[in-house]
Amino acid sequence: TVCVISCDNVSCVGDRLRVLVSDSAAVLALPESLGKQFAAWFRGYCFMPNTMVDRITGQVEGDPTIPRCEPLPEKALVIDGFGASPEASQLLDSLIGAPGVVIRREKGQLGKDLAIKLRVANAVHTAMVYVMALSGLAVTARLGELPGLQEYLSALFNDDILPSLVREGVSQDDTVRFNEEWMGRLKLPLDHSTFFVSQNAVVKVGERLLPTIRSNKGEGSR
């Protein structure tokens with residue numbers, strides 16, 4: 001069994017990889033008999049799980065070409081092991097206990113991890129970077145220097161994000177714990193550029209903030 005674990009920050013990355021491999025020109029160019037053999041092997045012996053990755057990467061001071069990462073968070077890499085074959089499950093078992101790695105075995109668990117990441121960490125990031133950039137604060141670690149910003153982010157989480165996720169079946173305790181961890185991570189001196197995070201605003205707002213707005217619509221949330 002071959003297990004391909006992607007660490008790209010792309011939703012449903014395992015599903016997308018399987019489609020890309022199946023539809024690749026090299027596979028389509030195989031003779032019919034070999035193509036059928038490959039398809040059978042690929043279905044039965046190649047495991048490409050969906051994953052979630054989460055780690056802040058900034059830059060070394062004075063050199064934007066050299067990355068500088070935060071210490072591994074609790075869920076740096078989450079792997080969806082639901083539906084894995086016995087052989088693939090053994091491969092995933094070998095990763096249990098690795099720093100920052102979490103294996104999910106139940107259907108839908110990874111979706112809740114992704115919801116927390118997108119609608120807590122990423123949403124808070126998006127909500128803060130524009131006002132910071134326009135206020136002359138070039139890195140996210142300076143968020144404590146802007147009066148009222150942390151209170152605003154706290155209200156966003158408590159009044160809007162948390163109620164919407166709990167209503168959708170996400171654990172309140174897990175969400176609160178993640179938010180507390182995230183707010184601490186934002187203050188790490190990583191030179192994470194507010195201007196860089198501000199890029200591609202339309203897509204980011206749509207993925208990170210609009211789901212919470214839609215969820216709260218008509219629920220009396222502010």
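Is cysteine 12 buried, partly exposed or exposed? Select cysteine 12 to begin: it is partly exposed, with a relative accessible area of 40% (buried means under 20%, exposed over 50%, partly exposed in between, with a 1.4 Å probe and protein chains only).

Before going on, a word on the model. It is a predicted one, where local features need pLDDT of at least 70, side-chain atom pairs count only at pLDDT 80 or more, and totals for chains, interfaces and linings use all residues. Residues are numbered from 1 along each chain as its sequence is written, and side-chain values use heavy atoms, leaving out hydrogens and water.

**Stop 1: two positive phi values**

Stay with cysteine 12 and look at its backbone: phi is about 55°, positive although the residue is not a glycine. Cysteine 12 sits in the loop between β1 (2-3) and α1 (13-22). Helices (H or I, at least four residues) and strands (E, at least two) are DSSP runs, numbered from the N terminus. Now select asparagine 200, in the loop between α8 and α9. Asparagine 200 also has a positive phi, near 60°, and is a residue other than glycine.

**Stop 2: glutamate 70**

Next, pick glutamate 70 in the loop between β5 and β6 (77-80). Glutamate 70 counts as buried, at 2% relative accessibility. Show its surroundings: leaving aside residues up to four places away in sequence, glutamate 70 touches Arg55, Ile56, Arg185, Leu188 and Leu190 (contact means heavy atoms within 4.5 Å).

**Stop 3: the largest pocket**

Select Asn9, Arg55, Lys117, Asn122 and Arg208, the closest to the centre of the largest pocket among its 34 lining residues. The space in this pocket is about 820 Å³. A pocket here is an open set of points on a 1 Å grid over the protein atoms alone, where a 1.4 Å probe fits, with protein on both sides within 12 Å along at least five of seven lines; lining residues have an atom within 4 Å of a point. Then colour β3 (51-53), β4 (57-60), β5 (63-69), α5 (109-134), α8 (194-197) and α9 (201-208), each supplying at least two lining residues. Of the elements, α5 gives the most, with 5 residues.

**Last stop: the whole chain**

Zoom out to find 10 helices and 7 strands in the protein chain. Its C-alpha atoms fill a box of roughly 65 × 45 × 35 Å along the principal axes. Of the 222 residues, 38% are buried.

Terms used. Grid points are joined across faces, edges and corners, and a volume is the space filled by probe spheres set on the points.
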